[in-house]
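Take a look at the model below.

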Amino acid sequence: MQDMFFSQLVGKPVFTQQGTYIGKLKDAIASIYKEPPIVTSIVISAGPKVILVLDADINAVKKDTIILNKIHHSPLPEDILYIAQDIMDKQIVDVNGRKVVRVNDLKATFISQKIVIIGVDIGFSGLLRRLGIERPIKFLCKLLHIPLGDNIIAWDNVEPIVSEERHLKLAVPYKKLRQLHPADIADIIEDLDSHYRSAVFHALDEQTLADTLEEIEPDVQVNIIENMSEEEASNILENMPADEVADILEELDEEHAQKLLERMDKEDSEEIKGLMEYEDKTVGSMMSTDFIAFPPDITAQQTIDQLRLIQPSPDEAYYLYVIDKDEHLIGVVSLRDLVVAPPDRLLKDIMDPNVIYVRDTDGIYDLTEVVTKYDLLAVPVVDDDMVLVGVAIINDIIDEVFLPRRRKHA
Amino acid sequence: MKLKKKLANKQVLVFLTILGPGIIAASAGNDAGGITTYAMVGAELQYKMLWAIFLMTFSLIIVQEMAARMGAVTGKGLSDLIREQFGVKSTFFAMLTLFTANVAVTTSEFAGIAASLELFNISKYVSVPVMALIIWLLVLKGTYQTVEKVFIAFSMLLLSYIVAGFMAKPDWSEVARHTFMPTVEWNSNFLTLFVGTVGTTIAPWMQFYLQSSIADKGITIKNYSYERIDTILGAIVADVIAFFIILSTASALYPHGITIESAKDAALALKPFVGTYAPIVFGMGLFGASVMAAAILPLSTSYAICEAFGWESGLDNKFEDAPVFFILYTVLIIIGACIVLFSSQLLVHIMLIAQVINGILVPVILIYMLKLTNNRRLMGEYVNSAIYNIIAWVTVIFTIALTVLMFVFMFR
């Protein structure tokens with residue numbers, strides 16, 4: 001086993017075993033099905049000509065030369081990765097660090113007659129090596145006692161980003177990336193060049209996609225939606241909470257927003273349109289319309305049965321609201337109260353009729369006051385007629401109040 | 001309620017229509033150094049350089065359009081592309097070029113700040129350190145964008161050159177003759193002013209700035225046609241303003257043999273229009289333009305360099321997360337301010353020298369751009385057309401030749 005850097009391989013003269021000079025190594029090709037990538041073929045430049053050696057059978061990688069056993073000829077497989085062209089100097093995702101980094105060099109090893117790419121150099125020494133001044137600078141740093149460590153990430157922890165134009169069909173596209181939390185994927189997408197964003201996006205399943213889009217900065221959200229087909233965009237938006245969709249659509253131009261709304265489910269689009277009517281910085285503009293409300297005259301047991309059926313998300317289940325037949329808010333039941341109550345007790349006897357609520361037209365500031373004063377996780381939102389129209393959830397309030405920078409970009 | 005909001009959006013839209021990235025980039029090119037160089041050209045050479053401005057408009061259109069198109073097709077900034085297509089060594093060279101050119105421009109912006117405030121009797125030893133600190137803080141705190149409009153408004157005052165140009169009653173037949181009939185004087189003064197004019201009109205940093213803003217806005221080739229118009233319009237507007245600055249100083253100063261040695265002299269050319277207010281109008285205009293560019297330049301330079309080498313960048317980072325970015329930004333401001341403070345050169349000469357340095361370096365960046373825009377694997381069907389390549393290469397060769405001639409005559 002013998003370690004080396006890819007930049008040191010490029011430009012090396014290549015010989016056959018008999019000592020015939022072929023040319024200089026230009027690029028290497030690896031299959032994208034293999035992890036880590038194993039170099040299968042090499043590209044050699046021989047003067048003005050470019051020679052492709054398929055299934056390169058490498059005898060030895062020496063200090064100044066590369067020696068091939070014999071040259072095979074077989075068709076070029078389709079799903080290939082050109083190391084120099086697709087990976088070197090490009091952006092790559094550091095899955096552990098959850099950020100986008102630039103490839104300065106690649107760490108390779110020569111093992112059982114194969115060159116294998118084992119790591120990505122994203123450090124300063126990689127840049128120095130490429131500039132051809134690594135040794136003198138390292139020597140200088142040693143003299144001056146300045147630490148200059150390598151910064152190499154193992155291949156297991158990186159995810160190359162390939163632009164869609166290359167039409168590479170990755171076997172398991174962005175497998176490592178997809179295992180990250182949507183909020184981390186969102187940060188990574190924001191850091192990518194705009195054309196690579198859609199490549200990553202298309203590899204995600206619809207639910208992850210929706211969750212990720214929700215976490216992305218507004219200006220990037222708009223950019224992504226604008227570059228999608230209407231069908232694709234409306235499918236994703238339907239998987240997102242109505243208040244988030246309303247925020248995004250408000251940033252789009254009106255005509256485009258209208259078209260997307262038309263493609264959506266009628267009920268969803270009505271709800272979104274309603275939310276879009278609210279002025280910025282009002283409770284209505286940031287409330288969630290996914291809440292759980294029950295009539296007053298069902299029993300605790302019936303309520304619990306229904307909850308099992310609905311399977312609400314954790315955000316929705318902080319409190320259950322009780323509404324009369326005209327949807328007026330008349331009470332609130334906490335999950336705790338519900339669970340400890342005897343099964344045949346009616347909701348109206350368990351509920352607390354003194355509900356703390358805000359109006360949809362109230363300002364965000366009033367809302368934060370209510371939340372902090374009463375230590376609530378969620379506050380019901382009513383309109384002027386006391387009809388329950390939504391819920392303001394603490395997560396969304398924190399985003400709105402403490403991350404104003406995110407919103408300011410738009 | 002809803003109507004009000006819609007209306008507000010509409011207004012923003014109209015505003016954006018007028019001020020696209022192309023127009024912003026091109027008119028930001030008319031900064032302190034630009035104004036001073038054009039004013040000197042008019043005062044010293046009268047109309048003799050008008051033809052160059054006319055021809056350079058075509059070069060500027062071509063070059064800016066190349067940058068914008070690259071941004072739209074690839075979705076990447078110019079420094080990213082250079083890194084990805086040419087590797088580390090070429091990137092190092094390109095970034096060294098950009099850094100040198102931008103140190104020069106930043107210096108000239110601080111010289112502009114000093115010169116404009118001298119009109120209000122504030123010494124450069126006060127104005128430069130104070131403004132450097134203010135700009136540094138405003139940008140780092142992220143509050144710059146909120147006050148930017150003030151400086152934009154100030155710099156709009158310089159549009160009065162257009163009116164002044166008319167009111168100075170130039171000899172229009174002479175103007176027309178010089179616009180379409182090239183004249184060259186074979187001496188170092190003429191050639192230096194020429195290289196400076198090229199450098200300030202087609203500055204390297206404008207191309208980086210324009211391409212990044214197109215890429216960051218996520219404009220794709222599908223909706224590129226509007227950006228294209230914006231870019232072309234921007235180049236034309238910038239050169240029309242340059243044209244009128246030359247025209248007004250040529251008509252107001254040249255006949256009296258006044259050359260430009262301080263901002264006061266350049267302000268004289270506004271007299272036909274604003275009378276005794278000339279120093280105030282000019283001072284505020286120059287101040288606004290200088291501060292604006294002094295805030296944008298060090299920042300965009302740091303972004304470009306960090307992106308090329310893959311270092312963390314962005315104002316929302318902490319210092320520990322993006323040390324190179326913040327150090328570069330700070331160092332640029334310090335160098336720029338210090339050169340102005342400790343140089344014994346006239347402020348206007350500092351500004352001219354900065355533009356000359358840009359003129360010398362711009363062919364380097366143009367060659368990179370030409371190689372990229374002709375790369376079919378990168379640009380697909382949107383590679384340069386033949387006419388683009390011809391105009392761009394002529395610009396490159398012409399600028400290099402001018403530089404060589406300038407040095408030949410300088411040391412003869």
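Arg102(A) forms a salt bridge with Asp80(B). The closest N and O atoms of this pair are 2.6 Å apart. Keep in mind that the whole model is predicted.

**Where chain A meets chain B**

How many salt bridges are there between chain A and chain B? The count is four.

Which elements of chain A supply the residues that touch chain B? Strand S10 (99-102), helix H3 (124-131) and helix H7 (194-202) each supply at least two. H3(A) gives the largest share, four residues. By type, the side of chain A that touches chain B divides into six nonpolar, eight polar and eleven charged residues.

Now count the contacts. On chain A, 25 residues are in contact with 30 residues of chain B.

The size of an interface is often given as the accessible area lost when the parts come together. Here chain A and chain B bury about 2,500 Å² between them. Carbon and sulfur atoms carry 46% of that area.

**A strand inside chain A**

Turn to strand S19 of chain A, residues 378-382. Why is S19(A) described as largely enclosed by the rest of the structure? Five of its five residues are buried, so the strand is largely enclosed. Both faces of S19(A) are covered. Ala378(A), Pro380(A) and Val382(A) lie on one side, with Val379(A) and Val381(A) on the other.

S19(A) pairs with strand S18 (residues 358-359) and with strand S20 (residues 388-393). The table sets out the two pairings.

| Strand pair | Sense | Bridges | Residues opposite each other |
|---|---|---|---|
| S18(A) and S19(A) | parallel | two | Val358(A) and Val381(A) |
| S19(A) and S20(A) | antiparallel | five | Val382(A) and Leu388(A) |

What do S19(A) and S20(A) form? They form a hairpin, with five residues between the two strands. Met386(A) sits in the turn. Its phi is positive, about 70°.

Methods: Residues numbered from 1 in each chain as written. Chains lettered and ligands numbered in written order. Predicted model: local features only at pLDDT ≥ 70, side-chain atom pairs only at ≥ 80, totals over all residues. Heavy atoms only, no water. Contact = heavy atoms within 4.5 Å. Buried area = accessible area lost by both parts, 1.4 Å probe. Salt bridge = Lys/Arg side-chain N within 4 Å of Asp/Glu carboxyl O. Nonpolar A, V, L, I, M, F, W, Y, C, P; charged D, E, K, R; others polar. Buried < 20%, exposed > 50% of the residue type's maximum accessible area, 1.4 Å probe, protein only. Pairing = 2+ DSSP bridges.
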